Amino acid sequence: MKVASVIGLRPRISGLLFLTLGVIALITILVPNSDSSSTTSTTRVPPSNIYSNYGRVKEQAAVDYLDLRFFSLGVNRLKEFPLCGKERDNYVPCYNVTESDRNCEFAREEERCLVRPPRDYKIPLRWPVGRDIIWTGNVKITKDQFLSSGTMTKRLMLLEENQITFHSDDGLIFDGVKDYAFQIAEMIGLGSDTEFPQAGIRTVLDIGCGFGSFGAHLVSLNVMPICIAEYETSGSQVQLALERGLPAMIGNFFSKQLPYPALSFDMVHCAQCGITWDIKDAMLLLEVDRVLKPGGYFVLTSPTSKAQGNSPDTKKTSISTRVDELSKKICWSLSGQQDETFLWQKTADPNCYSSRSQASIPVCKDDDSVPYYHPLVPCISGTKSKRWIPIQNRSRASGTSLSELEIHGIKPEEFDEDIQVWRSALKNYWSLLTPLIFSDHPKRPGDEDPVPPFYMIRNAMDMNARYGNLNQALLNQGKSVWVMNVVPVKARNTLPIILDRGFTGALHDWCEPFPTYPRTYDMLHANELLTHLSSERCSLMDLFLEMDRILRPEGWVVLSDKLGVIEMARTLAARVRWEARVIDIQDGSDQRLLVCQKPLLKK
């Protein structure tokens with residue numbers, strides 16, 4: 001019987017029959033598959049899928065089992081989820097007020113409910129206006145916090161009755177963020193900060209990004225920043241950056257590695273980020289070195305680093321001195337200093353490590369593991385990687401040249417086919433979203449008619465990104481969208497090629513919540529993620545609640561998967577109160593699209 005014909009009916013399956021079918025399906029799912037590439041087949045784009053008969057039977061058994069398990073729950077379990085109380089308006093799972101570090105090892109015993117927006121929440125303004133003006137009701141920062149934040153913050157922001165205005169020409173430090181970026185360029189030896197991309201600087205990890213002014217300026221230079229900052233109960237840097245349409249996620253250096261592979265970023269930037277870099281036997285600095293590409297730069301700006309006196313020979317004091325001492329042990333060189341800003345460059349020569357004294361920090365013996373919140377390591381990572389390519393030597397189409405594809409173990413014809421598939425798919429998505437917005441866009445009480453739809457998507461997340469070619473298709477079509485390219489931890493680790501292409505992304509286990517604040521993404525996209533998760537001990541119900549938490553009101557969800565899984569997803573979408581449509585892509589396959597929009601819900 002077709003799944004679609006069962007929707008809405010109370011299933012009449014006896015307990016014995018269901019148990020028998022469930023056991024048979026489970027046995028089929030758990031039988032080992034001799035095909036070594038089976039872990040990656042579920043992430044492939046539909047037109048390039050090639051299944052053996054056994055693989056098809058195994059996959060279908062998983063879907064059938066999910067169907068039976070889901071519908072056996074009965075209609076009493078298909079009610080809409082209630083709205084959470086006000087205390088969870090800014091709820092971030094895995095974090096709480098007593099622990100600044102991430103802890104997802106908990107049982108989901110709390111009430112399942114929908115995190116609602118604050119009472120005075122408003123839909124963000126159109127990009128790029130929304131970069132410089134945000135509604136105060138959308139972020140957890142009070143007038144008292146603003147008034148007590150000091151002259152530097154007041155210079156950066158203007159608090160009005162219901163909005164915060166950011167001065168794009170005025171910055172966090174010195175005479176403005178433009179002057180600050182120009183100063184960094186001078187220390188590198190460039191004529192202007194507009195030359196960052198030509199110098200190989202295309203991705204920047206901005207630690208403790210304040211209110212995102214440096215990141216906003218980098219975006220204007222076609223440089224991709226990502227802000228990371230620890231969890232904060234109010235006045236959050238990550239929440240403010242995302243509200244401005246800038247890439248950001250919760251993360252810190254306290255005890256665990258960041259969810260990025262070695263050799264990920266061209267520059268790591270810390271401007272008054274509050275980190276004491278010389279503690280824990282320099283393991284925090286070693287984590288910077290791990291994610292920094294060969295020839296990349298570490299920028300440290302701190303008022304405590306200021307030199308005493310005017311003489312260039314005057315000894316530097318405080319943390320900059322200690323960092324400079326440690327830098328020699330990890331093959332960094334101090335390339336420049338101006339005022340309170342210091343710039344170190346990581347070596348581009350892997351032989352540097354063997355020429356150091358024996359008392360230096362050791363090189364890691366095995367650094368190929370997937371760095372998903374592993375403990376910090378007291379050794380130097382990445383020196384044996386095939387991806388050891390100095391940033392100055394990378395091609396303009398970095399990550400996609402024939403030699404670089406070979407390094408990543410990707411066949412050029414497979415990669416080119418994937419690009420074409422997503423180029424075509426994106427055109428279909430946009431043509432679907434536009435009429436849906438015009439015809440179905442919910443009109444909020446007291447608001448004027450909705451304006452055209454193209455600006456509604458700025459923060460996008462690809463939940464199963466593979467090579468990042470949806471991101472590339474968005475760039476090719478000139479969309480003002482950035483993409484958080486998420487690679488599931490149990491899928492093939494393709495995050496290195498995504499980062500090498502100059503995109504942003506992270507590893508993540510979708511059995512756990514994503515490290516971000518509520519209402520921070522305009523669109524969520526996932527291709528075959530639900531089928532991928534069907535073999536894991538994940539609750540699709542909890543996944544949809546998490547997607548609803550991080551999705552902004554009036555935001556969009558586009559899911560592509562098998563028919564049976566999509567029908568289940570449509571029912572779950574109804575439980576989280578999304579408006580949903582199943583669309584047949586009419587290519588002769590059983591692949592379907594589920595296009596959903598989240599309404600603006602308030603009590």
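I began with Cys364 in this predicted model: its relative accessibility is 5%, so I noted it as buried. Cys379 comes out at 14%, which also counts as buried. These two cysteines form a disulfide, with 2.0 Å between their sulfur atoms. I read a torsion of about 95° about the S-S bond, so the link of Cys364 and Cys379 is right-handed. Both Cys364 and Cys379 sit in the loop between E10 and H13, 15 residues apart.

Next I stayed with that loop and looked up Asn393, which lies between strand E10 (341-346) and helix H13 (402-407). Asn393 has 56% relative accessibility and therefore counts as exposed. I also found the C-alpha atom of Gly200 at 7.8 Å from that of Asn393, although 193 residues separate them along the chain.

Then I counted disulfides and got seven in the structure. One of them joins Cys511 to Cys538, S to S 1.7 Å. The torsion here is about -45°, so this disulfide is left-handed. Cys511 is in the loop between strands E13 (504-508) and E14 (521-527), and Cys538 in the loop between helices H17 (529-533) and H18 (540-550), so the bond ties together parts 27 residues apart in sequence. I have Cys511 down as partly exposed at 26%, and Cys538 as buried at 11%.

I looked at Cys94 and Cys104 too: their sulfur atoms are 1.9 Å apart in a disulfide, right-handed with 110° about the S-S bond. Both of these cysteines are buried.

Last, the whole chain: I noted 19 helices and 17 strands, with buried residues making up 57% of the 603.

Methods:
Residues are numbered from 1 along each chain as its sequence is written. This is a predicted model: local features need pLDDT of at least 70, side-chain atom pairs count only at pLDDT 80 or more; totals for chains, interfaces and linings use all residues. Side-chain values use heavy atoms; hydrogens and water are left out. Helices (H or I, at least four residues) and strands (E, at least two) are DSSP runs, numbered from the N terminus. Buried means under 20% relative accessible area, exposed over 50%, partly exposed in between (1.4 Å probe, protein chains only). A disulfide is a pair of cysteine sulfur atoms within 2.5 Å.
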